[in-house]
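Below are my notes on the two-chain model you sent. They are set out as numbered points.

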Amino acid sequence: MSWLDPREVGYAVRTRLAGVGEATRLFLRLLALGGASFGRFRLVLDQVFFLGNRSLSIITVSGLFVGFVLALQGYYTLQRYGSADAVGLLVALSLVRELGPVVTALLFAGRAGTSLTAEIGLMKAGEQLAAMEMMAVDPVRRVLAPRFWGGIVSMPLLAAVFSAVGILGGWLVAVALIGVDAGSFWSQMQAGVDVWADVGNGVLKSVVFGITVTFIALQQGYACKPTPEGVSQATTSTVVMASLSVLALDFVLTAMMFSI
Amino acid sequence: MQKSRHDIWVGLFVLVGAAAVLFLALKAGNLLSLNFGETYQVVAKFDNIGGLKPRAAVKSAGVVVGRVESITFDGKTYQARVALQLEKKFEFPKDSMAKILTSGLLGEQYIGLEPGVDEKYLAAGDVVKQTQDAVVLENLISQFLYSKAAEPPAAPAPGGGK
């Protein structure tokens with residue numbers, strides 16, 4: 001029963017606690033470095049390119065298909081109640097409020113988060129971060145902060161693109177394919193979707209998810225064991241932790257935002 | 001450095017994202033139907049508002065002329081106090097009637113404003129005197145049943161069926 005040994009338990013608890021403390025400190029440093037990052041905007045710009053532009057294709061295609069499926073399924077259910085016209089409203093509300101931010105965050109974690117973790121982890125394993133410190137260059141400021149802010153900038157834009165493309169996909173299936181009246185498709189949507197309560201809160205959600213996913217990816221890479229196994233473990237746990245945090249946060253945010 | 005190439009693509013990406021937000025706000029949302037024109041507030045009291053919600057439309061002759069600003073409960077009269085924001089360019093006689101109506105069979109509830117014949121117009125802070133409550137299905141059915149029960153049994157109606 002070695003794992004019940006008080007010294008072992010104490011060690012495990014202390015390591016975890018120290019990990020949480022370090023992660024919090026890193027998070028606060030990254031937030032505080034916001035001004036410095038945007039001062040050297042080139043670095044952030046490059047990261048927006050790698051995190052945002054390179055994810056655009058997967059986001060667009062996924063959004064399109066999610067919109068297709070939502071319209072098909074929504075139509076199937078709604079036409080039983082003779083309200084197939086409301087399919088536009090259903091597609092728009094589901095995308096703008098939930099699916100847009102959440103699915104984008106999950107894809108973002110898989111597409112961009114993993115590459116961040118692997119990159120930082122390999123830099124650590126290759127002792128590049130240590131070399132930077134030797135040259136009095138702060139790796140958090142030079143490497144992590146631009147990636148963090150690049151992720152925060154990219155994520156809401158990607159989520160908005162996802163939702164917009166999804167609505168267009170829903171239109172394509174519902175109006176062009178099934179033959180729902182185009183006028184009532186849009187007018188029901190416009191009557192039911194509120195700009196601030198639905199679209200605004202959706203954007204807010206995607207910002208929070210952007211912070212969450214990017215931070216988890218960076219933290220995992222920065223704290224990983226500097227070995228090939230360590231990097232691979234960190235990459236895996238980025239996806240797992242980011243996905244779980246996004247889903248849990250989504251519940252909390254939804255409960256807070258749309259609690260009426 | 002190949003940074004200038006990134007600049008273009010990042011710029012394009014940001015523009016696409018902004019266009020998507022704009023699309024969501026204008027085409028999917030109701031930003032266009034929000035009007036930033038001047039409004040004045042009148043109050044209508046209802047015994048029962050049914051499923052009326054804040055930001056519901058106020059329509060006259062089927063055209064949107066305002067929005068429901070807020071719905072509160074009046075503890076003194078036990079009525080619902082509905083504040084309406086009407087557009088300043090539309091004036092309604094003082095004896096206009098506010099009804100709670102439903103668009104379609106399952107649609108949203110809105111307020112229909114029927115103009116009266118008074119010489120004077122509603123001003124800010126006025127109370128709409130004549131109101132008609134939302135139709136509550138249960139009350140309708142019970143009224144129907146009572147009136148049925150009050151009728152003399154003209155024909156044999158076994159089982160009380162319709």
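What percentage of the 260 residues in chain A do buried residues make up?

1. Buried residues make up 43% of the 260 residues in chain A. A residue is buried if 20 or more other C-beta atoms lie within 10 Å of its own, exposed if 12 or fewer, and partly exposed in between, with C-beta atoms placed from the backbone. In chain B, buried residues are 20% of the 162 residues.

2. This is a predicted model, in which local features need pLDDT of at least 70 and side-chain atom pairs count only at pLDDT 80 or more, while totals for chains, interfaces and linings use all residues. Residues are numbered from 1 along each chain as its sequence is written, and chains are lettered from A and ligands numbered from 1 in the order in which they are written.

3. Chain A holds 9 helices and 0 strands. Helices (H or I, at least four residues) and strands (E, at least two) are DSSP runs, numbered from the N terminus. The C-alpha atoms of chain A fill a box of roughly 65 × 50 × 35 Å along the principal axes. Of the contacts in chain A with a separation of 6 or more, 86% are between residues 24 or more positions apart; two residues are in contact if their C-beta atoms, placed from the backbone, lie within 7 Å.

4. Within chain A, the axes of helix α3 (residues 41–78) and helix α6 (residues 139–178) come within 6 Å and cross at roughly 25°. That makes α3(A) roughly parallel to α6(A). Axes are lines fitted to C-alpha atoms, for helices over the stretch in contact, and angles run from 0 to 180 degrees between N-to-C directions. Angles under 35 degrees count as roughly parallel, over 145 as roughly antiparallel, 65 to 115 as roughly perpendicular and the rest as oblique.

5. The residues of the contact of α3(A) with α6(A) divide into 27 nonpolar, 13 polar and 1 charged. Here Ala, Val, Leu, Ile, Met, Phe, Trp, Tyr, Cys and Pro count as nonpolar, Asp, Glu, Lys and Arg as charged, and the others, Gly among them, as polar.

6. Chain B has 2 helices and 8 strands, and its elements run α-β-β-β-β-β-β-β-β-α from the N terminus on. In chain B, residues 24 or more positions apart account for 63% of the contacts with a separation of 6 or more.

7. Strand β2 (residues 57–60) of chain B pairs with strand β3 (residues 63–74) of chain B in the antiparallel sense over 4 bridges; two strands pair if DSSP finds at least two bridges between them. B:Ala57 has B:Arg67 as its bridge partner in β3(B). The hairpin of β2(B) and β3(B) has 2 residues between the strands, and B:Ala61 takes a positive phi near 55° there. β2(B) also pairs with strand β6 (residues 109–114) of chain B, in the parallel sense over 2 bridges, and B:Lys59 stands opposite B:Gly112 in β6(B).

8. B:Lys94 is in the loop between β4 (79–87) and β5 (97–102) of chain B. With 17 other C-beta atoms within 10 Å, B:Lys94 is partly exposed. Leaving aside neighbours within four places in sequence, the contacts of B:Lys94 include B:Gly116, B:Tyr121 and B:Asp126.

9. Which chains contribute how many residues to the contact? Chain B gives 20 residues and chain A gives 26 residues. The side of chain B that touches chain A divides into 13 nonpolar, 5 polar and 2 charged residues.
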